[in-house]
Amino acid sequence: MAKSRYSYVCNQCGYESSKWNGKCPSCGAWNSFEEELSDTSSAPGRSAGQAIPDLSGSILELEDIGAEADIRYDTGLGELNRVLGGGLVKGSLVLLGGEPGIGKSTILLQICQFLGQEHSVLYISGEESARQIKLRAKRLGVDTENLYILTATDAEAIAETISSSAPDIAIIDSIQTMSIGRISSSPGSLTQVRECTNLFMHTAKSQEIPVIIVGHVNKDGAIAGPKVMEHIVDAVLHFEGERHQSYRILRAVKNRFGSTNEIGVFEMLDKGLAEVANPSQMLLSGRPHNVSGTCVACVMEGTRPILAEVQALAAKTSYSAPRRMATGFDYNRLYIIIAVLEKRLGLFMGSLDIYLNIVGGFRLDEPAGDLPVAMALYSGIMDKQIDEELIAFGEIGLGGEVRSVPHISQRIREAERMGFKTCVIPKQSASSIDIKEYGIEIVPVSSLRQAFSLIK
Ligand code: TYD
Ligand code: MG
């Protein structure tokens, strides 16, 4: 018997169903079901009697396969090159995701200036008029002769145009505005986004033209509805940051041509995005003096150590259940640290509201951030200041012990470079380094109690 054909799909999570649903049984989204393009879900099967092709002639020996290095284009932005793994790879399909207004169109227009010195770039926009793009380009100082603008939304026509005009690089802004005429659903729907991405994927691979696609992200952080895009493309870059703050972090979520650990840091100025070569300095600028509840942390972002300030505020609660809030730090992790402080150090916080903030819109995702968070909390609660020239990192165990973290030497060097005088590190990690080698005082600690004894 033929397999039943799914014909409705949730545009949020991709759940497939044979009938329309008001609420998605998988993700709970309301009114998210759309009719699926039937000729994609029912690819023609092999008819009976048709011979199955023999692929044995296509098998290659690993040794015989050419391994020339990928051809990469320098984008002119070192931070972007780093996130891409060393530049834009020829024939790759890159998805640049981020919330509306974060600066996706801006960064792409900016790289056109550099790319345009040696390559031709076709910038296809479905969002802005040619005049709007021109005005933005003027503001950004983009005046290269090799930049061509096309305003269109018909994906098939665009793919055809890319193939026929054969630019060196193509940019599509944004996938949510593109549509294929023969698919009935509206632009931005799961089916349209997936099929358009497939189409551009085919263009990128067959013509060996790198294509960068812009994708707007909804508030949950998923590339709007279609997570499906992430599987199709070669690299997924996320542009993050608080809209009211000027700093932007570019992160690789997936990269077939490089590491996903690297980040790029930018600042949005009135002349577009500027690279921030020294993120630690940026994150530490404007630190308050003579206040309790702040401690500097060091996290590794890929191969780069970055210093950030942790701030904690403890205030008497006026609620029956005290509030806990964390910005830039995992909320559940904060609960664990509070539990450890209460149980192991008798530091009760049941009548205190706790607010934790990582300054600069940065996220402290690494376990090495535990110790500075605990120290900032302790400092805030006891109202005792931590030395401004002290930095700390280490993981906290449930027994109140401070545990080792990797990349000790790089972190200490960064603290030294930024002019700090004291570095509190896990005792376990101290054995792997030579303390005398550094021009900074290193204090190995094995427990929270020991670390807190430094706060006078
Ligand atoms: P944009 O690149 O249009 O965002 P996206 O394409 O991700 O939706 O960025 C728009 C924001 O950036 C807008 O709020 C204004 C700001 N901006 C600057 O601050 N300086 C500039 O030079 C430009 C071009 C934009
Ligand atoms: Mg835009």
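Me: Which elements each supply at least two residues of the lining of the largest cavity?

Reply: Heads-up, this is a predicted model: local features need pLDDT of at least 70 and side-chain atom pairs 80 or more, while totals for chains, interfaces and linings use all residues. Residues are numbered from 1 along each chain, chains are lettered from A and ligands numbered from 1 as written, and side-chain values use heavy atoms, leaving out hydrogens and water. A cavity is a set of points on a 1 Å grid over the protein atoms alone where a 1.4 Å probe fits but cannot get out, and lining residues have an atom within 4 Å of a point. Going by DSSP runs (helices H or I, at least four residues; strands E, at least two), the elements are helix 2 (78-84), strand 6 (93-98) and helix 3 (104-115).

Me: And which element gives the most to that lining of the largest cavity?

Reply: The lining includes L80 and L84, along with V94 and L96. It also takes in I107, L108 and I111. With 3 residues, the one that gives the most is helix 3.

Me: How many residues in the lining of the largest cavity are nonpolar?

Reply: Ala, Val, Leu, Ile, Met, Phe, Trp, Tyr, Cys and Pro count as nonpolar, Asp, Glu, Lys and Arg as charged, and the others as polar. T75 is on the lining list, and so are I212, L237 and L250. There are no charged residues and 1 polar one, and the nonpolar count is 11.

Me: What volume does the second largest cavity have?

Reply: Its lining includes R72, G87, S92 and F257. By class, that lining has 6 nonpolar, 3 polar and 1 charged residues. A volume is the space filled by probe spheres set on the grid points, and here it comes to about 40 Å³.

Me: Let's switch to the largest pocket: which strand gives the most to its lining?

Reply: A pocket is an open set of points with protein on both sides within 12 Å along at least five of seven lines, and the largest pocket has a volume of about 550 Å³. Of the 25 residues that line the largest pocket, the closest to its centre are E240, G241, E242, G361 and R363. Strand 11 (235-240), strand 12 (247-255) and strand 18 (352-358) each give two or more residues. With 3 residues, the top giver is strand 11.

Me: Which residue meets E240 in a salt bridge?

Reply: Side chains of opposite charge can pair when their charged atoms come close. A salt bridge here is a side-chain nitrogen of Lys or Arg within 4 Å of a carboxyl oxygen of Asp or Glu. For E240, the N to O distance is 3.2 Å. E240 sits in strand 11 and its partner in strand 12, so the pair ties together parts 11 residues apart in sequence, and that partner is R251.

Me: Is R251 buried or exposed?

Reply: Buried means under 20% relative accessible area, exposed over 50%, and partly exposed in between (1.4 Å probe, protein chains only). E240 counts as partly exposed because its value is 28%. R251 has a value of 17%, so R251 counts as buried.

Me: Which residue forms a salt bridge with R411?

Reply: The closest N and O atoms of this pair are 2.8 Å apart. R411 lies in helix 11 (residues 408-417) and its partner in the loop between strand 18 and helix 10 (370-382), so the pair ties together parts 45 residues apart in sequence. Both residues are buried, and the partner of R411 is E366.
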